[in-house]
Amino acid sequence: MTVIQFQNSSDTQQWQKSTLPQLGLVCITFSKQVRFRTMTRTRYLKLSDVERENALRELYQHNFQRLHDALSFCQDNKIRLYRITCALFPLSDMEDEIGANILEEMSADLSKIGERSQALGIRMVLHPDQFVVLSSDSPEVVQNSIKILEGHARTLDLLSLPRSPWSLMNIHGGKSQRTAQLVKVISELPETIKSRLTFENDEYAYSSEEILAVCQQAGVPMVFDAHHHICHENLDNYNHPSVASMFYAARETWANPDWQLVHISNGEQAFNDRKHSDLITAMPDVYHQAPWIEVEAKQKEEAIAHLRSWWLIENNHK
């Protein structure tokens, strides 16, 4: 078994506790158990209105059922955090409003997702794609980004998921050196978006300190990503003092610290490789204090099981 490297530190006794972090599954499974379908805009535009409605209705029903399957998978595997795919209901934002109308018709059924996730104690979150750039120089890009976020917020509303960071929508800062612009745009967002919005540091545009400043000024939580941090700062160790420092600083942005969410990934070919590895084989010591961790690894549930196995062995040797 691959050894997970948690290096010794003076804080060891603090984070070695019986309550382990909740590990999150990202969108699909490594196996074929959780899969979703999609449709391209090009294909959609070739269809008549009747064909569009029939195609989207069947597609949305399929993905809705797969979302229930995802909850069942999480329940069976004791996973309490699940990231919904941002392409759950594709083309629902088209100007013809066919998809939007179908979702409204499905609203009674869709609301059962939130009810079921609450009953199962499974937290559901969402990460919009890279096209969301609230700090863009282009007003058109900003407006389109807000439109995308409004669509995702509407989906979360239809799923009866709360308007709070419990069911967060996590995005990156976008265009660098635009902190003031970004904070201004955030302040003007509809409550359906802002109440769920979180920001994550990245490898290029916004360092941990920079996105922390955005979150502090805008009053929204920060999702700390340790791998993005070490890549941006060109570090060679997850236990560099700045990692723990940023983890704790990010925690202060959460009104409820028990909801703090962080990300973990490892480099595929090297420690600073931005491409994700199959499993998680290294993690910051301080992450033992994280209540919620999204596991961003190619082997998905296998990576979660691998981490759990290591923690079980570690706890049995205390």
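**Overall fold, cores and selected residues**

The protein chain holds twelve helices and eight strands, where helices (H or I, at least four residues) and strands (E, at least two) are DSSP runs numbered from the N terminus. The model is a predicted one, in which local features need pLDDT of at least 70 and side-chain atom pairs count only at pLDDT 80 or more, while totals for chains, interfaces and linings use all residues. Residues are numbered from 1 along each chain as its sequence is written, and side-chain values use heavy atoms, with hydrogens and water left out.

A look at the whole chain comes first. The C-alpha trace spans about 65 × 45 × 35 Å along its principal axes. The radius of gyration of the protein chain is 20 Å, which agrees with the value near 20 Å for a compact globule of 318 residues; this radius is taken over C-alpha atoms, and the globule rule is 2.2 Å times the number of residues to the power 0.38. Of the 318 residues, 52% are buried, with buried meaning under 20% relative accessible area, exposed over 50% and partly exposed in between (1.4 Å probe, protein chains only). Among contacts (heavy atoms within 4.5 Å) between residues at least 6 apart in sequence, 76% join residues at least 24 apart.

The interior comes next. A nonpolar core is a set of buried Ala, Val, Leu, Ile, Met, Phe, Trp, Tyr and Cys residues joined through side-chain atoms within 4.5 Å. The largest such core has 89 residues, and Tyr 82, Ile 84, Leu 134, Phe 199, Phe 224 and Tyr 287 have the most contacts inside it. Helix α3 (residues 49-76) provides the largest share of this core, ten residues. Another core, of seven residues, lies apart from it and includes Leu 81, Val 125, Leu 168 and Val 223.

Tyr 82 touches, beyond residues up to four places away in sequence, a set of residues including Leu 25, Val 34, Phe 36, Ala 70 and Ile 122. Ala 70 lies in helix α3 and is buried, with a relative accessible area of 0%. Leaving aside neighbours within four places in sequence, Ala 70 is in contact with Val 34 and Tyr 82.

Ser 92 sits in the loop between β2 and α4 (98-105) and is partly exposed, at 22% relative accessible area.

Arg 251 belongs to helix α11 (residues 241-251). This arginine is buried yet has no salt bridge, and Asp 258, the nearest side chain of opposite charge, is 6.8 Å away; a salt bridge requires a side-chain nitrogen of Lys or Arg within 4 Å of a carboxyl oxygen of Asp or Glu. A polar atom of the Arg 251 side chain does lie 2.6 Å from the backbone oxygen of Gln 289.

Backbone angles complete the picture. Most residues other than glycine have a negative phi. Lys 78, in the loop between α3 and β2 (81-84), has a positive phi near 55° and is exposed, with a relative accessible area of 64%. Lys 300, in helix α12 (residues 300-316), also has a positive phi, of about 45°, but counts as buried at 16% relative accessibility.

How values were computed. Lys and Arg count as positive and Asp and Glu as negative; His and the chain ends are not counted. A polar contact is a pair of N or O atoms within 3.5 Å; within protein, one must be able to donate a hydrogen and the other to accept it, and residues adjacent in sequence count only if both atoms are side-chain atoms.
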